[in-house]
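Let's take a friendly walk through this structure together. Have the viewer open and follow along as we go.

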Amino acid sequence: MATAFTPYSYIQCPCSDITLTDRRSGGSPTTSEPDGDDHAFDPRAPRSSFSLYPLEYLMYCEDCHQIRCPRCVAEEIVTYYCPNCLFEVPSSNLKSEGNRCNRSCFQCPVCIGPLAITSVETKPDPNLLAAPDNSATPLAGPYALTCSYCLWTSTEVGIQFDKHNGIHAQLAKLRNGGTTRLTAKERKERRKDPSYKGQPPPTDSQDLDHEAQFANLKAFYQGQLADPNAADAGLALLGDLGFSSPTSLSRIMSIYTGGGLLHDKKAKARLGAMREALDPDEGLLVASLDESAAIAKLRSEGLDGTASAAQRLGQAPNLVEPPLHGRERFLDSLRPVPHLLRTKRSKRCPVCRHIISKPESKVQTTRFRIRLVAGSYIPSISVRQLALSGGTGTGTSASGAAVPGAPLEPLKPAYFLLTFKNPIFETIKVTLGAPVTTPGRFASRVTVICPEFEVDANTDVWDEALKDNAERDREQRRRRGESISAGGGGINSANQLEVGKIWERGRNWVSIVVEVVPASLALAPGDPPLREDEDVLEIPMSVRVEWEAEMAGDEVGAAPSRSNSEAREKRELAYWCVLGLGRIRQR
Amino acid sequence: MSSTPAASSTPLPHRSVASIRAPSVAGQSGPTTPLRSISSSFGSPSSLRADDEIIIVEFGTRKLQVGFSGDPAPRGCIWFGPDQLRRAGDFRDWQPGYRHDWRSAAAGGSWGRDYELWRYDVRSVDLGLVGDKVERALRDAFTKYMLIDSRPRRMVWVLPSSLPVPLLSAALDSVFTRFQPPTISLLSSPLALAVGAGVRSALVVDLGWNETVVTSIYEYREVATRRSIRGGRMLVEQTHNLLAKHLPQGLEGDAESQEHVLSFEECSDIAQRLVWCRPRSTAGQEEREGQEEEDAAARSATVRIPLTSWLSPTTLELPFDDLSEPCETAFFDAQYTLTSFDDDELPLHLLVYRSLLQLSLDVRATCMSRIIFTGGCSAVLGLRKRIFDEVSRLVQQRGWDPVRGKAVEQLLANPKLQRAPAAARRPSNTPAAAPRAQDVGEERDGVWHDRSATPAGPYMEPETDPIEEQLKRGGGHSDQQPPVRGELRAIESVGAWSGASLATHLKTMAVATIDREVWLLHGAAGASKPNEVDHKVQRQSLGPGGLMRGSASGGAWTLGVWGAV
Ligand SMILES: [Zn+2]
Ligand SMILES: [Zn+2]
Ligand SMILES: [Zn+2]
Ligand SMILES: [Zn+2]
């Protein structure tokens, strides 16, 4: 049926067990958690999805010797830029101009393709549409935004532009259908304009779009706070309540948590300091409830006249209309979508503040100046199924690989080769732990044939050459599995399964075997059906890595040299990982 | 052996394998480690705070809206869905040919659950998972829409006042630990909506996802609240049932067996795009005649709905009028008498009417002229007007007499028993008034004027309104017309998020402000009951320097309305 299964491994970032809920929940000191190693991490629990990462997603702090995931790094912004025109946006613009590109970079509201500026009069020229920017200006206006993929054009929603530049600003003044409006900036200027002084332009409630209502309310509240009458009414009485600002709204807007302050005469008097908005100029908008026109439109246009969920989601907040109350569903209420800006971020360790990732600041490049990926510090684990002849247990020998990705037979032992590759320049000792049976509804049996072993350092050829002959001899003998018992990782020369023995060893890698007996997926009548991926045999495994390294702290500036082995310290790192081995065959 | 010098000196202690444990599931108490200072492991020096920006987060059951204080609208909105429950690097949703296995995900009554942040019945909720979902949604919003770094920023949360404390607590735990805001202030969404409408009092009708909640706000205080389980979830269920009824027979059991035959995603989408609400039908024949004026062809319009989540892709064709059925069943249930409903399942017009009825005369007169419709279902075309018209009719028929016999209700509920002919057709925005209601009020200029609102009723405590008194005295605004009272009127708010943005920007205060350090130490258990708190300490401005001095000095703090467990 589905494509062949590819085995995988995920790592749980150790930061995920720092949760307050666990520590405080219940609040009763008498409840105690069943302690024990059998309380294994359950990769099927919904929460595990939030803490598991592929190795490539993880970073590493060299100073704390700890894994850092996207949830436990501190981020700083290097650059803000538009992904479409690659223009770098100064950070000061973000607060005022918002989070979208205002340089004529628009996405099609129907298919998210790029929109180009075309003349309404002439047929859109495909060559112009393909042009990377609007340098190839169409000859005469009016202009429209046109999608070169689905051929949507802004004239479909009644929007066209007089000029071919400054589209972003022009669009802010246009409602769908073509009516013009005042932007917040224009409103503000008019308020200040002496020719309008004392007599602000009356607001028609038709004009009271979201942005205007918000601006009028803001001006109204600010005016109320500044009103000398209003201030008089409260000031003397309010001093004793300890509010920080004399003009604070909080003096008047008594949002209490309960309590009986309303019955306090003084408090009641204070309430009088501010009144309600009374007309559209002050932000009061009486609702128009008649939606029969919209219903008639829905009746005549049907599903085809409405936007899909994805199209509605893609829209930027619509500030130019009064509350739409469902009319945003219609295709002709869609607006061109200015591109969201993006950021380049550097990442720091939140504990020691050292930088663990820093991109080049130039927008065009994807390179990093610093990037401490976890894959350079912790062993990678790759999974491959083994086909073994003979029965279970010791004495079984290999007979080539199993069919990769084929379903696992329930209740029939299967063998998997786990290869641990050591990326660091020190020999590491790896200790594995796995629950005897997998957690969840279907308990498969798991046996790690060799749970403790050493993996040699990631020496390069140069280092290899520097070693004296005797040492090299010893190394090679060890690799071949002759007479070495260190770390319990004796080798299995004939590729035979033997408890406590590794399967194979290379320069900086070791393979071990895990035996699993997949559970049967048979369901009793009445059981809920299999959830998505519940047929995947996943085993949780704790990994502890120990190694010796030079003392930290005294090596600042010193070139790392491994010959100086006097001041060495033990280090260890422990975490859970999850191995996805295969799908169990369903009967 | 595991406690090497290096390990013990690092702030994040390395753990032995034995101490690696699974995250505890909800309800279990955590390991009894001593109170290790979490601020030292993930905290940042306070000099790195971004003090100028306050982040406003509005929580809904199906979405989060996030933006900066002072902005007219949120910068971004994150909807909850199954794709957010996947592991990092799992891109199957984007792979061609992948289809979400909604059937197995819906097993055991969890159809649609993956599209919700939480359910109010906390017994069935994994609180840790709620915290994880909030964290991931916020992180996505911060990266994609807010474009901010991870310096700690103060936050204001806008929440439904009915949110259960354990859910709030789980969200606070997660965000305080992961984002380190120095403080989180809580503001109830009905209050924010009132601020966003320019009024001090309002009747907020929140047609939400979990439920519909009617909150009466008087002088910026929540004075009463009533709820009904009729909400968006029920509407989508009814939409599913409607579509299932029209599917070809015999292929997949009967529609009544409670099994879902279509995916939540598809039904939710159709509910949002096509479901509408019929106007109130008056008792008599007049309405019918009137409707015949409409084009007969338009009336028989049908809608083609392609469905992909059924056993095999198919296209239904059903009458447009049928698409108003889910709304009728979910919100009005007109086939039952009004007395047959439990309190928590009242049809919406009755819910609104009873909410007004329970208010004292003065409060009611003010609130009824400041009705704010909000919530996802306020986008159902025609629903706001229908509720408004139904309430108008109830007011005309019954006035504000709280004593109402069952026989009378039955009489009113059954149109055939009513003797008075319905009034002639009137302009569409006018609540249809029956002439028999003359004893209660009258209709002028297309709005209903409640006569009893002017003189104080005998059974209600008359309450003087200081603002109005001041206005009457000519306090600065004598030229303005007096506030509208005693007539049913709906007004628009810029929304809860934008209202909170205004309130925060103008440095008003929130219902409750929680200091991070205090929360990390005590959690919800540390909150005093609201009425035990000295308001002088509790109430703090959101302005610079005015934050949470109370808690910092060890004073009491509260969870506001959410703390009343
Ligand atoms: Zn982490
Ligand atoms: Zn751009
Ligand atoms: Zn397009
Ligand atoms: Zn560090």
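A residue is called buried here when its relative accessible area is under 20%. Keep in mind, too, that the model is a predicted one.

With that cut-off in hand, turn to helix 8 of chain B, which spans residues 264-274. Nine of its 11 residues are buried, leaving the helix mostly covered. The buried ones are Phe264(B), Glu266(B), Cys267(B), Ser268(B), Asp269(B), Ile270(B), Ala271(B), Arg273(B) and Leu274(B). What lies over them? The cover includes parts of both chains: helix 9 (292-301) and helix 10 (309-314) of chain A, along with helix 7 (232-246) and strand 9 (302-307) of chain B.

In soluble globular proteins, nonpolar side chains tend to be buried together. The largest nonpolar core in this model has 75 residues, and those with the most contacts inside it are Ile305(B), Leu323(B), Phe331(B), Leu356(B), Leu383(B) and Ile387(B). Helix 12 of chain B, residues 348-357, gives the most to this core, with seven residues. A second, separate core has 60 residues, among them Phe420(A), Cys450(A), Phe453(A) and Val455(A).

Next, find the zinc ion (ligand 3). Which residues hold it? The SG atoms of Cys108(A), Cys111(A), Cys147(A) and Cys150(A) coordinate the zinc ion, at 2.2 to 2.3 Å. Along the sequence, these donor residues follow the spacing C-x2-C-x35-C-x2-C. The angles among the four donor atoms run from 97 to 117°, and the site is tetrahedral. For comparison, the ideal angle for four tetrahedral donors is 109.5 degrees.

Our last stop is a sheet in chain A. Five strands make up this open, antiparallel sheet, in the order 6-5-12-13-14. At its edges are strand 6 (88-89) and strand 14 (368-371), each pairing on one side only. Further in, strand 5 (residues 74-81) and strand 12 (residues 342-348) of chain A run antiparallel to each other, joined over seven bridges.

Methods: Residues are numbered from 1 along each chain as its sequence is written. Chains are lettered from A and ligands numbered from 1 in the order in which they are written. This is a predicted model: local features need pLDDT of at least 70, side-chain atom pairs count only at pLDDT 80 or more; totals for chains, interfaces and linings use all residues. Side-chain values use heavy atoms; hydrogens and water are left out. Donors are N, O and S atoms within 2.8 Å of the metal (3.2 Å for Na, K and Ca); water is not among the atoms, so sites may look incomplete. Four donors count as tetrahedral if all angles lie between 85 and 135 degrees; four count as square planar and six as octahedral if opposite donors are over 155 degrees apart and all others between 65 and 115; anything else is irregular. Two strands pair if DSSP finds at least two bridges between them. Helices (H or I, at least four residues) and strands (E, at least two) are DSSP runs, numbered from the N terminus. Buried means under 20% relative accessible area, exposed over 50%, partly exposed in between (1.4 Å probe, protein chains only). Contact means heavy atoms within 4.5 Å. A nonpolar core is a set of buried Ala, Val, Leu, Ile, Met, Phe, Trp, Tyr and Cys residues joined through side-chain atoms within 4.5 Å.
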